[in-house]
Amino acid sequence: ATNYPQEKKLIPHGLSVCITSPAVFAATAASSPERHAEIAELLGGKPVRKEDAGKVLPEVLLEYLHDLDVPDGLGALGYSDDDIPALVAGALPQKRVLGISPIDATAEPIAEIYANSMKNY
């Protein structure tokens with residue numbers, strides 16, 4: 001984000017949610033495939049089988065992100081795989097958000113989401 005202080009890496013909340021959303025929904029799809037398929041259908045305009053929701057919903061989101069010129073993942077914002085442990089450490093205390101997660105929101109799945117969000121296109 002160009003208008004934010006540059007001393008430390010800082011991503012506006014909405015941008016961080018957008019950039020990680022494909023990986024998040026790929027990770028959570030098995031918890032509620034019907035809901036994920038419904039979202040993919042609404043956003044993509046095509047029927048989606050529930051067993052395909054974990055693949056299709058991230059693809060639909062990536063199309064939107066690309067069309068909206070959202071930066072190409074966390075890597076495009078200056079992060080690398082070396083930053084994943086610090087990102088996970090910053091996420092783990094967010095109990096209000098992680099407590100309602102449909103998946104086991106521990107260090108390993110969170111790290112995988114960050115790793116899968118480094119490059120989106």
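## Largest pocket

Helix α1 provides the largest share of the lining of the largest pocket, eight residues. The structure is a predicted model, in which local features need pLDDT of at least 70 and side-chain atom pairs count only at pLDDT 80 or more, while totals for chains, interfaces and linings use all residues. Residues are numbered from 1 along each chain as its sequence is written, and side-chain values use heavy atoms, with hydrogens and water left out.

The space in the largest pocket comes to about 1,200 Å³. Of its 36 lining residues, V17, T20, V24, V97 and Y114 are the closest to the centre. A pocket is an open set of points on a 1 Å grid over the protein atoms alone, where a 1.4 Å probe fits and protein lies on both sides within 12 Å along at least five of seven lines; a lining residue has an atom within 4 Å of a point. Grid points are joined across faces, edges and corners, and the volume is the space filled by probe spheres set on the points.

## Composition of the lining

At least two lining residues of the largest pocket come from each of α1 (13-28), α2 (33-44), α4 (84-91), α5 (95-98) and α6 (107-116). By type, the lining of the largest pocket holds 21 nonpolar, 11 polar and four charged residues. In this division Ala, Val, Leu, Ile, Met, Phe, Trp, Tyr, Cys and Pro are nonpolar, Asp, Glu, Lys and Arg are charged, and the others, Gly among them, are polar.

In soluble globular proteins, nonpolar side chains tend to be buried together. The largest nonpolar core in this model has 16 residues, and L74, Y79, L87, I110, Y114 and M118 have the most contacts inside it. Helices α1, α4 and α6 are the elements that give two or more residues to this core, and α4 gives the most, with four residues. A nonpolar core is a set of buried Ala, Val, Leu, Ile, Met, Phe, Trp, Tyr and Cys residues joined through side-chain atoms within 4.5 Å. Buried means under 20% relative accessible area, exposed over 50%, and partly exposed in between, with a 1.4 Å probe and protein chains only.

L87 is in contact with L74, Y79, Y114 and M118, leaving aside its neighbours within four places in sequence. Contact, for L87 and for the residues below, means heavy atoms within 4.5 Å.

S21 counts as buried because its relative accessibility is 11%. Not counting residues up to four places away in sequence, S21 touches L61 and L65. A polar atom of the S21 side chain lies 2.8 Å from the backbone oxygen of C18. T28 is buried, with a relative accessible area of 7%, and touches H36, P102 and I103, not counting residues up to four places away in sequence.

N120 is placed in the segment after α6. N120 counts as buried, at 11% relative accessibility. Beyond residues up to four places away in sequence, N120 touches I19, L62, L65, D72 and G73. A polar atom of the N120 side chain lies 3.0 Å from the backbone oxygen of I19.

## Exposed and partly exposed residues

Most residues other than glycine have a negative phi, and most peptide bonds are trans. D69, which is not a glycine, has a positive phi of about 60°. D69 lies in the loop between α3 (53-67) and α4, and counts as exposed at 67% relative accessibility.

K9, in the segment before α1, counts as partly exposed at 42% relative accessibility. K9 is in contact with G78, Y79 and D83, leaving aside its neighbours within four places in sequence. N116, in helix α6, counts as partly exposed at 46% relative accessibility. From N116 to L62, 54 residues apart in sequence, the C-alpha to C-alpha distance is 12 Å.

Notes:
A polar contact is a pair of N or O atoms within 3.5 Å; within protein, one must be able to donate a hydrogen and the other to accept it, and residues adjacent in sequence count only if both atoms are side-chain atoms.
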